[in-house]
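Open the model in your viewer and keep the selection tool at hand. The tour goes stop by stop.

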Amino acid sequence: MNHPLLTLNRVTKTFRYGILGFKFKAVDNITLTLEDKPHIFTIAGESGSGKTTLAKMILRLLKPDQGKILFKGVDIYILDNITFNRNIQPILQDPYAAFNPMRKVITYLEDTAKNVLGLKDPYNIKERISEVLSYVGLDLSKVAQKYPHEFSGGELQRMAIARALIPSPKLIVADEPVSMLDASLRINIVNLMKKIKDEKGITFIYITHDLATAYYLSDKIAVMFRGTIIEVGDSKKVLSKPLHPYTQILMESLPQVDPKRRSEWSMKRPKLGFHIEEQEFALKGCKFMPRCPYAMSICKNDPPEIDIGGTRVRCWLYK
Amino acid sequence: MNEKEMVLEAQNVYGEYTISPTNTVKAVRDVSISISKGEVVGIAGESGCGKSTLVKILYGYLEPPLTAKGNVLIRINNTPPVNILSLNEVYKREKIWWRYMSYIPQNSMNVLNPFMRIGDHFAELLKKHIGLNKEDSYRVAREYVESLGLRKEILKAFPHQLSGGMRQRIVLLLALMLKPSIILADEPTTAVDVVLQKALLMFLLDKQREYGSSLVIVTHDLGVHAMASQRLVVMYAGKVVEEAPTEIIFEDPKHPYSMALIESIPRIGDESPKKGLLGSPPDLRNPPHGCEFHDRCPFAMDICKREPPPKITYEHNHVVRCWLYTKR
């Protein structure tokens, strides 16, 4: 009876370009397990890696073509809406796009309290909203009358987080929650997520391209490339000693926030591929092969998943 | 620091956006910066601090509702300096833009003409400024695009057929084509992947060195500044709050805002807890009295609310505007 919090079992999603265009797998046969203990799991990847598609499938916004997603051992498509929404909540990238500009933001919190948590008494609703708002550092009396444009980006993202907290979910899926915010405010939201994990015991799936916040915030990380997970393991380990050549190149390219390390950073030049994204998706075997400095002929076959000290890496180099 | 040859000097520049007959957004207020030959200057700050507006003014690109006051002096081939803000549009198009000074705007992946083939963008530029015919321009362009890892076939493509990163590369190539003396780049690598970001940044720096140009990089990303700029200008609420050689500002930031910016960034290998700033930047329709930063500043004093802070200069041209450093 000890099920993991979330299990992805050989999940695949195929998209098609145009009506007759070619098909490509945005998410290709992904298997992943999230333990049932509060932690922050990062899914990292560049644009076009399939990380948002994966998030949408976990949130039931897209149906996988193949494979199953299990929440505590139960297929998420068997769960009824209320149970699903009580357990899994989203936070989206652009808070200004997430809220209707013509609606007061507080009404979203009221709806969640009524429809998901099932509160009926207006007093209870108000009490619950006030509780989550003060938890994220906002004051109900100050935000009650405001429309989205009257908030700053950081405040609006706090509102989105407060809304997600109303039903006390087990899992929050946060898709690039801080990428639209300024640096000095970004860290506050990141710290807030950490606090929620520690104090409320909520697990986060943190989807991002920002590897520095992933290092700071998360316990585990999965690095995606063109629809596949190429490396998964402990965040600190993966990001400080990356194993997969792609993760290595990512870490080498990341600008260092220290001018003294400029010459070290400028030593290696990244090799840019001639391949456009669609062609990379269509490749057989390892999709990173055309850009990989260590490419061998065996890489034309699907790379095996190899366990190295707890980190699982998908690369022929380690066979 | 020895006096170097100045290529651009902005003196007491103001920029305002008119939003109604009685209301303006004072986006840039009393900014003076100078850029010398071959220098890489970074402009940092959060969204809404006026950094993009400043670059538009430096380029002399003033379209309503933006208006500017002050002097932006440029010196083309040892001629007496001219104020770009007083030049007419035709002169700027013929003599200055693209040739002497080029500008890579924000979201540059979306500035290409959707009805023109990529190659025709190059042909148009080369015809206007050098007088090359189409055939020759295509030949020049073909070699040129290959230098940034693009295939020559893409000259026949239309912009929508390319990925965002490829279009960004094309815009960068166009801006550098005529070897301009000054390159103004507004968030040139934002919205691209880190691998491409590094490639673009290194290409930009290579060309800058090769042509002996001066480069102004505007970005909120302090990592980019740490890797690219020699001197860093930090802006807040339309004003320059601190300016110093990049290494010095990272090591010893003086303005509380610069400190907060630098300290709030998580780094790989650094486990210490980080803190951000509270609040948000002021409304620039009615900028606050005194120091713009006072309501978010952890060290704010009484005087900060009343009077604008003085300019204090340290060695290595390290300039800060803050009341904390006055001797009393």
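This is a predicted model: local features need pLDDT of at least 70, side-chain atom pairs count only at pLDDT 80 or more; totals for chains, interfaces and linings use all residues.

Which residues of strand E6 (residues 88-91) of chain A point one way, and which the other way? Ile88(A) and Pro90(A) point one way. Gln89(A) and Ile91(A) point the other way. All are buried.

E6(A) and E7(A) run parallel, joined by four bridges. Pick Ile88(A) again: its bridge partner in E7(A) is Leu171(A).

**Next stop: the open sheet**

Show the four strands of chain A in the order E2-E1-E4-E5. They form an open sheet with antiparallel pairing. At the edges are strand E2 (23-34) and strand E5 (74-75) of chain A, each pairing on one side only. Zoom in on strand E1 (residues 6-16) of chain A, which pairs with E2(A) over eight bridges in the antiparallel sense. Here Leu8(A) stands opposite Leu32(A) of E2(A).

**Next stop: a helix with a buried face**

Select helix H4 (residues 106-116) of chain A. Ile106(A), Leu109(A), Thr112(A) and Ala113(A) are buried there. Why do the buried residues line one face of H4(A)? Turn the view to look down the axis: they fall within an arc of 120 degrees, so they line one face. An α-helix has 3.6 residues a turn, so residues three or four places apart point the same way.

What does that face pack against? Show helix H5 (122-136), helix H6 (140-143) and helix H7 (153-165) of chain A: the buried residues of H4(A) pack against these. Then step to Gly118(A), which follows H4(A) and has a positive phi, near 80 degrees.

**Next stop: between the chains**

Show both chains. Here 36 residues of chain A are in contact with 35 residues of chain B. Helices H8 (183-200), H9 (211-217), H10 (235-240), H11 (245-253) and H12 (262-267) of chain A each supply at least two residues to chain A's side. H8(A) gives the largest share, six residues. That side divides into 18 nonpolar, 10 polar and eight charged residues.

**Last stop: the core**

The largest nonpolar core has 184 residues. Select Ile205(A), Leu184(B) and Val216(B), which touch the most other members. Center on Val216(B). Leaving aside neighbours within four places in sequence, its contacts are Ile35(B), Val41(B), Ile43(B), Val55(B), Leu184(B) and Ala185(B).

Technical notes: Residues are numbered from 1 along each chain as its sequence is written. Chains are lettered from A and ligands numbered from 1 in the order in which they are written. Two residues are in contact if their C-beta atoms, placed from the backbone, lie within 7 Å. Ala, Val, Leu, Ile, Met, Phe, Trp, Tyr, Cys and Pro count as nonpolar, Asp, Glu, Lys and Arg as charged, and the others, Gly among them, as polar. A residue is buried if 20 or more other C-beta atoms lie within 10 Å of its own, exposed if 12 or fewer, and partly exposed in between; C-beta atoms are placed from the backbone. The arc is that of the directions from the helix axis to the C-beta atoms. A nonpolar core is a set of buried Ala, Val, Leu, Ile, Met, Phe, Trp, Tyr and Cys residues joined through C-beta atoms within 7 Å. Two strands pair if DSSP finds at least two bridges between them.
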